[in-house]
Structures are given as C-alpha cells and as structure tokens.
Amino acid sequence: MGNDVTEKRSSLYEQIGGEPAMSAAVELFYRKVLSDDRISHFFEDVDMERQSAKQKAFLTMVCGGPSAYSGQDMRKGHAHLVKQGLNDKHFNAVAENLAATLLELGVAKPLVDQVLAIAESARADVLNR
C-alpha cells in the first residue's frame, strides 16, 4: 500500500495487504478452525487444499479484490453441513476464528469489523434460512 493520500478509498482487500495477506490469513484461519473442537468435525472429510483455495477466493471477493470466486452459492455449498447440524453457534465460532486470525496478522480492528460485517451478511445463506 502506497502512502499516497488518494489511496484512502482503496479496497478492503488492498488495505488488508492484498494477495499475500489473504494467503497468510487463510492458512492461519484453518489452523485455528481445525483445532477448534466446536467446528473441526465439519472438516474431517474435506480436501483442505481445495477448501483453502475456495476460502481465499471468497475472502478476496468479499474484500473487493480481484475476484476469481466460482464456488457454489452459499446455500448450496453449505446445505450438507446444515443437515449435519450446522447452526448459529458454529457460524459464530468461524467468525470468531476469522477475527482472531486477522487481528493476529495485524489487521486494524476497524477493518476486521468490516470483514466480519460482510461475513455476517452471509449468515442466512450459509445456514439456509
């Protein structure tokens, strides 16, 4: 990120640190998620390399970066998890891990709050409501 004042309006993606920051965030995020007993069982049979790539593309898109997100829509992508009992408690755990990840990587709290607000806007779709 340059020091030019005109960059104030840069995307959340750029403010967070672009592609390298997204890669670091997703790696750290899944380390946290997979060691979180509240939600780790949802990932037992998941190809984590593929999952990480999808999560990185999704985060890039929601943060206003160059989007290559082609995943299923949120409802379809999570329907099988809802059948396994995915609920608000689990959604909250994921959001909590995402916030902790971004803060640990030095992302400013107001930017973390923006990312969480975007994630929150997907709650109803993720939980198929």
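User: Hi! Is Tyr30 buried or exposed?
Analyst: Tyr30 is buried, because its relative accessible area is 5%. Buried means under 20% relative accessible area, exposed means over 50%, and partly exposed is in between (1.4 Å probe, protein chains only). Keep in mind that this is a predicted model, where local features need pLDDT of at least 70, side-chain atom pairs count only at pLDDT 80 or more, and totals for chains, interfaces and linings use all residues. Residues are numbered from 1 along each chain as its sequence is written, and side-chain values use heavy atoms, with hydrogens and water left out.

User: How do the rings of Tyr30 and Phe43 sit?
Analyst: Rings of Phe, Tyr and Trp (its six-membered ring) pair if their centres lie within 6.5 Å; planes under 30 degrees apart count as stacked, over 60 as edge-to-face and the rest as tilted. That rule gives two aromatic pairs. For Tyr30 and Phe43 the ring centres are 5.8 Å apart and the planes are at 65 degrees, so this pair is edge-to-face. The pair links distant parts of the chain, 13 residues apart: Tyr30 is in helix 2 (residues 18–34), and Phe43 is in the loop between helix 2 and helix 3 (48–62). Helices (H or I, at least four residues) and strands (E, at least two) are DSSP runs, numbered from the N terminus.

User: And is Phe43 buried or exposed?
Analyst: Phe43 is buried, with a relative accessible area of 16%. Phe43 also forms one aromatic cluster with Phe29 and Tyr30.

User: Which residues of helix 2 are buried?
Analyst: Among them are Ala21, Met22, Ala25, Phe29 and Tyr30. The buried residues of helix 2 pack against helix 1, helix 3 and helix 5.

User: Why do residues three or four places apart point the same way?
Analyst: An α-helix has 3.6 residues a turn, so residues at that spacing point the same way.

User: What about the largest nonpolar core, how many residues has it?
Analyst: The largest nonpolar core has 32 residues, and those with the most contacts inside it include Tyr30, Ile16 and Cys63. Helix 2 gives the most to this core, with seven residues. A nonpolar core is a set of buried Ala, Val, Leu, Ile, Met, Phe, Trp, Tyr and Cys residues joined through side-chain atoms within 4.5 Å.

User: Changing topic: what volume has the largest pocket?
Analyst: The largest pocket has a volume of about 890 Å³. On a 1 Å grid over the protein atoms alone, a pocket is an open set of points with protein on both sides within 12 Å along at least five of seven lines, while a cavity is a set of points where a 1.4 Å probe fits but cannot get out; lining residues have an atom within 4 Å of a point. Points are joined across faces, edges and corners, and a volume is the space filled by probe spheres set on the points.

User: Which residues lie nearest the centre of that largest pocket?
Analyst: Tyr30 again, along with Gln51, Gln55, His78 and Leu81, out of 34 lining residues. Helix 3 supplies the largest share of that lining, seven residues.

User: How much space lies in the largest cavity?
Analyst: About 40 Å³. Helix 2 gives the most to the lining of the largest cavity, with three residues.

Conventions: Contact means heavy atoms within 4.5 Å.
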